[in-house]
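I opened my notebook to look up how this chain is put together.

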Amino acid sequence: MLISDKEFGEVIVRKNPWSKNIKFSVSTSGRLQMSVPQYTSNFLIKRFLNLNRTNIREKLPLKNPETQRARDYKKKMLAKQAREYLPYRLEYFAKLYGYKYDKCRLSHAGTRWGSCSSNRTISLNIGLMQVPEQLRDYVIIHELAHLNHMDHSKDFWREVASHDKNYRAHEKRLKSFEPGV
Ligand SMILES: [Zn+2]
């Protein structure tokens with residue numbers, strides 16, 4: 001049986017005489033699949049789906065076109081915000097603290113907030129638009145400091161600290177966010 005859901009599209013529902021509770025999984029086609037006890041009503045199935053929406057969204061690797069589309073849209077909006085903000089914020093701090101970089105690139109990479117290459121290109125992740133401003137500024141300062149120190153040496157951290165005295169707390173807090181969109 002299929003039920004139609006506004007977020008997950010067509011959801012496959014399998015009634016299973018042996019199952020005692022409702023279970024969620026991903027079908028081979030990447031759709032959401034529910035295994036439910038034989039006599040579960042549609043009302044209950046939908047209610048259960050609603051109650052578990054966040055969990056499903058976060059934990060299941062769904063390939064549903066609707067979710068995919070929503071994610072693409074979010075990425076597009078973030079990229080737009082990032083384009084209109086991050087290069088200017090970088091320029092602002094570079095001027096303020098007297099750094100010279102060559103280029104600002106925006107990245108979508110899932111693992112890093114930013115990077116600084118030896119040709120003086122600074123990359124900033126568009127996901128920075130989703131973290132608090134102090135953390136965003138910290139990442140920018142961190143990458144600018146790499147223009148003078150390409151490592152994480154004591155001198156590097158001393159330089160970061162001279163622009164952001166709370167850098168340790170910021171570095172730590174940043175770990176509770178994921179760069180991927
Ligand atoms: Zn670094």
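**Entry 1: domains.** I looked up the division of the protein and found domain 1 (2-63) and domain 2 (74-174). These bounds come from an automatic or database domain assignment. The C-alpha centres of domain 1 and domain 2 lie 41 Å apart. I noted that this is a predicted model, where local features need pLDDT of at least 70, side-chain atom pairs count only at pLDDT 80 or more, and totals for chains, interfaces and linings use all residues. Residues are numbered from 1 along each chain as its sequence is written.

**Entry 2: the four-strand sheet.** I wrote down my terms before going on. Helices (H or I, at least four residues) and strands (E, at least two) are DSSP runs, numbered from the N terminus. Two strands pair if DSSP finds at least two bridges between them.

I then read off an open sheet of four strands, in the order β1-β2-β4-β3, with mixed pairing.

I checked the pairs next. Strand β1 (residues 2-5) pairs with strand β2 (residues 9-16) in the antiparallel sense, over four bridges. A hairpin of three residues joins β1 to β2. Leu-2 has Ile-12 in β2 as its bridge partner, and Ile-3 stands opposite Val-11.

Strands β3 (residues 23-26) and β4 (residues 32-37) are also paired in the antiparallel sense, over four bridges. Lys-23 has Ser-35 in β4 as its bridge partner. This hairpin has five residues between its strands, and Gly-30 in the turn has a positive phi of about 90°.

I also found helix α1 (residues 42-51) lying across β1, β2 and β4, at about 45° to β1.

**Entry 3: the three-strand sheet.** Here I found an open sheet in the order β5-β7-β6, again with mixed pairing. β5 (103-107) and β6 (114-116) stand at the edges with a single partner strand each, so one side of each has no neighbour in the sheet. Neighbouring strands are turned by 15° against each other on average, direction ignored. β5 and strand β7 (residues 121-125) pair in the parallel sense over five bridges. Ser-107 stands opposite Asn-125 in β7. Helix α4 (residues 133-145) packs on this sheet and touches β6 and β7. Contact means that C-beta atoms, placed from the backbone, lie within 7 Å.

**Entry 4: helix on helix.** How do α4 and helix α5 (residues 154-163) cross? Their axes come within 9 Å and cross at roughly 140°. α4 and α5 are therefore oblique to each other. Angles under 35 degrees count as roughly parallel, over 145 as roughly antiparallel, 65 to 115 as roughly perpendicular and the rest as oblique. Ile-141, His-142 and Ala-145 in α4 meet Phe-156, Glu-159, Val-160 and His-163 in α5.

I compared helix α6 (residues 167-174): its axis comes within 10 Å of that of α4, and the two cross at roughly 105°. That makes α4 and α6 roughly perpendicular to each other. Gln-134, Leu-135 and Tyr-138 of α4 make this contact with Tyr-167, His-170, Arg-173 and Leu-174 of α6.

Definitions and conventions: Axes fitted to C-alpha atoms, helices over the stretch in contact; angles between N-to-C directions. Contact = placed C-beta atoms within 7 Å.
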